[in-house]
Amino acid sequence: MNLFDVYPINEITIVKAKGSYVWDDKGEQYLDLYGGHAVISIGHTHPHWVKSIEEQLEKIAFYSNSIKIPLQQLLAEKLGKISGKNDYQLFLCNSGAEANENALKLASFHNGRKKVIAFNKAFHGRTSLAVSATDNKNYIAPVNETENVIFLPFNDEDSLEECFKENARPPDGQGKGISSVIIEGIQGVGGINVAEESFLRKIRELCNENGAVYIADGIQCGYGRSGKFFSHDFAGVNADIYTMAKGMGNGFPVAGIIIAPHIKPKHFQLGTTFGGNHLACAAALAVLEVIEEEKLMGNAVMVGKYLKNELENIRELENVRGRGLMIGFDVPEELNDLRKNLLWNQKIFTGESKPNVIRLLPSLALKKRDAEDFIEALKEEIAAIKLKETVEG
Ligand SMILES: Cc1ncc(COP(=O)(O)O)c(C=O)c1O
């Protein structure tokens with residue numbers, strides 16, 4: 001049997017990882033500034049994370065959600081403390097798409113409405129409603145096409161107000177009104193676009209006025225990556241539901257949503273077989289313990305600031321943006337090979353956004369020394385490309 005070929009892949013086989021480094025099957029070492037797509041939060045194979053999973057594995061890995069799983073409560077308490085959302089309620093699932101799917105569904109159960117506002121360049125996942133709220137027609141199968149999702153320009157307060165005016169209180173009943181607004185605090189796949197604080201506050205205000213649910217997609221920009229637990233927190237207002245995945249398990253598949261207290265649970269509206277299993281909870285708890293113990297959000301701010309400053313001083317790069325250790329910059333056409341060359345010549349993994357954005361999504365434990373090495377390597381590769389162009393005329 002062959003694998004179903006869904007992505008173009010690099011011809012590299014990674015067999016070992018530690019901290020911000022990975023090694024291939026030939027023993028070659030790579031600096032990982034991609035974090036396996038923003039997943040590695042506390043560093044690859046962190047000893048505390050490994051030990052917690054191993055110890056849990058010896059006890060019990062899984063039992064269904066029909067019994068008490070005290071680890072879930074421990075995780076909820078720790079998450080409440082670190083995120084500052086103590087009074088929220090936690091629902092656990094397995095992936096980012098599933099988290100958003102549940103959030104959108106819960107919002108609709110809550111207010112009985114159908115319409116979702118999402119934004120241009122948004123990515124919310126591959127499941128049915130999450131993909132319908134994703135701004136890429138190539139990902140949406142005919143069966144997922146719906147009139148229930150309205151796309152608006154990102155950071156455009158006027159069009160948001162207009163849309164609420166048109167849809168919030170339709171004359172023919174509640175069903176067509178706006179159920180929820182879903183937004184990434186910093187768009188990831190869309191190319192590291194930071195939501196303006198005033199825009200997030202406007203969403204909060206309009207949701208309050210119209211009984212809609214504000215859903216903060218924190219799957220890529222959350223879990224401390226921006227320097228705050230949720231990047232949406234920079235706006236100083238709370239969302240009704242936050243979704244999380246990626247960094248939550250540091251590579252162990254675990255995801256969740258946290259739900260404001262005014263949204264009440266009803267039995268059987270949401271459910272899951274694997275979500276919140278013992279092993280996933282052990283991994284997620286270990287991640288939070290390390291984030292707290294090693295002050296990784298502070299590290300993300302410090303190393304992120306260094307990287308951004310240095311990148312801004314490289315005059316060939318344009319539009320350096322982002323927060324903490326979620327950074328993007330535009331690469332001009334003449335440096336098209338830059339990301340490829342960083343990988344093959346310098347052995348550094350970075351992320352990308354088509355057509356020309358390099359994304360940095362390293363572990364939150366990235367050391368300044370590693371960031372310095374990256375800047376050095378980047379300058380070297382830029383100079384090499386320019387030299388080649390000069391020689392070739
Ligand atoms: C902002 C955002 N939301 C949702 C998802 C989907 O997460 P998953 O791939 O775990 O389903 C992603 C994945 O890249 C993402 O970046």
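Which residues does tyrosine 34 touch, not counting residues up to four places away in sequence? The legends below start there. This is a predicted model, with local features needing pLDDT of at least 70, side-chain atom pairs counting only at pLDDT 80 or more, and totals for chains, interfaces and linings using all residues. Residues are numbered from 1 along each chain as its sequence is written, and side-chain values use heavy atoms, with hydrogens and water left out.

**View 1. Tyrosine 34 and its contacts.** Tyrosine 34 sits in the loop between β3 (29-32) and α1 (35-38); helices (H or I, at least four residues) and strands (E, at least two) are DSSP runs, numbered from the N terminus. Setting aside residues up to four places away in sequence, it touches Phe349, Thr350, Gly351, Leu361 and Pro362, where contact means heavy atoms within 4.5 Å. Its side chain also joins that of histidine 37 in a polar contact of 2.9 Å. A polar contact is a pair of N or O atoms within 3.5 Å; within protein, one must be able to donate a hydrogen and the other to accept it, and residues adjacent in sequence count only if both atoms are side-chain atoms. Tyrosine 34 counts as partly exposed because its relative accessibility is 24%; buried means under 20% relative accessible area, exposed over 50%, partly exposed in between (1.4 Å probe, protein chains only).

**View 2. Phenylalanine 374 in the largest nonpolar core.** This core has 88 residues, and Leu307 and Phe374 have the most contacts inside it. A nonpolar core is a set of buried Ala, Val, Leu, Ile, Met, Phe, Trp, Tyr and Cys residues joined through side-chain atoms within 4.5 Å. Leaving out neighbours within four places in sequence, phenylalanine 374 is in contact with Leu31, Leu33, Leu307, Leu311, Leu342, Ile348, Thr350 and Leu360. Apart from this core lies another, of 22 residues, including Phe91 and Ile215.

View 3. In the 88-residue core, the largest share, eleven residues, comes from helix α8 (residues 278-293). Of its 16 residues, 13 are buried, so α8 is largely enclosed by the rest of the structure. At the start of α8, a side-chain oxygen of asparagine 277 comes within 3.1 Å of the backbone nitrogen of leucine 279. Just after α8, lysine 295 has a positive phi of about 50°.
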